[in-house]
Amino acid sequence: MKNTVLLSSPLQGFTDFRFRNAFHQYFGGIDTFYSPYIRLNGKMVVKPAYERDLLPKNNVGLEVIPQIMTNDADEFLFVAKYVQDLGYNELNWNLGCPYPMVTNRGMGAGLIQDAERIDDILNRVHNESDIIVSMKMRMGHENSEEIWKTLPVLEKYPIKNIAIHARIGKQLYKGGVDLDAFQECLNRTNQKIYYNGDITTVKRYREMVERFPTIDHWMIGRGIIADPFLAQMIKEDTEEYPEDRMEIFRKLHDTLFAEFEQHLSGEKHLLMKMLSYWEYFSQSLEDGRKVLKKVKKAKSVSAYDRVMDDVFDY
Ligand SMILES: Cc1cc2nc3c(=O)[nH]c(=O)nc-3n(C[C@H](O)[C@H](O)[C@H](O)COP(=O)(O)O)c2cc1C
């Protein structure tokens, strides 16, 4: 569809550079990938795994925006400088992570209600850095009105965009998205808003476009992993899969498998990693439940290979 920008929403453990490259090689439709968040643990050091994920040589030909999760201006400024040195000009701020270990420390969705702290951090970041700031947030942690106090604060800054995942933190990933509350956010801000949450089919995407005609940036997380064809089908405005669907899918699978086989230590880790992808992949396949069961049962690479031959019908 024309004028539609599709963004790959980050999933820690799934959408790292290996997935992004494999996806980009065989599928289309995604304009920009957000990398999973960088988090510093008290020290001003970026872990090697985060660094690998962002190195330009690992992201050739991809449009990538790095992300940070923090509630500290010094950390923000440190990571801003770090990603700028790597050649990025934008840093996305995560105020959406819902897990208690994060929210109890006033980070992720736990920070949304602290408008004053957000103000202080944005103030320092905009005074002390020329990085472009964008945000990704839920509507609150305890309730969807928390964001009402935060939006006027965000209004003061030249934030590039705010992607809103239309849930609250307390929900984790359960329950539905709250589209009325999302509409209320649109009513309460002049910032550029992107929509995020539960776009899993072309039909669902079309419904959302109808409901929110002013939105032209759509962020898709789990839907892209569950169905890697989704973004290109949205762009082509079709619900038809290509004829060689399973062949293309296999290429993605095999590329990921080969990458992880090379970089993970031991069969067990490799099979666990592939199973985590199959939890999503299986959702877009007709006999997905059966496939997932078989993948779970495969306790060796040779057993797993046999399941794959079966799935991909070779
Ligand atoms: C396993 C997992 C890891 C995630 N990691 C991140 C992350 O690093 N940064 C982030 O902003 N959101 C993260 N998210 C949230 C997703 O990006 C997205 O906002 C959420 O799943 C809703 O969108 P969706 O329904 O299209 O998946 C994660 C979600 C899941 C399920």
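Just after helix α14, Asp 313 takes a positive phi of about 60°. Helices here are DSSP runs of H or I with at least four residues, strands are runs of E with at least two, and both are numbered from the N terminus.

A word on the source. This is a predicted model, where local features need pLDDT of at least 70, side-chain atom pairs count only at pLDDT 80 or more, and totals for chains, interfaces and linings use all residues. Residues are numbered from 1 along each chain as its sequence is written, and side-chain values use heavy atoms, with hydrogens and water left out.

Back to α14, residues 301–311. Which residues are buried in α14? Val 301, Ala 303, Tyr 304, Val 307, Met 308 and Val 311. Buried means under 20% relative accessible area, exposed over 50%, partly exposed in between, with a 1.4 Å probe and protein chains only. These residues cover an arc of only 155° around the axis, so they sit on the same side of α14. That arc is taken from the directions from the helix axis to the C-beta atoms. The cover over them includes α11, α12 and α13.

Next, cysteines. The whole structure has zero disulfides, meaning pairs of cysteine sulfur atoms within 2.5 Å. The sulfur of Cys 185 is 19 Å from the closest cysteine sulfur, in Cys 97, which is too far for a bond. Cys 97 is buried at 8% relative accessibility. Cys 185 is buried too, at 0%.

Last, His 141. It lies in the loop between β5 and α6. At 16% relative accessibility, His 141 is buried. Beyond neighbours within four places in sequence, its contacts (heavy atoms within 4.5 Å) include Pro 98, Thr 103 and Lys 170.
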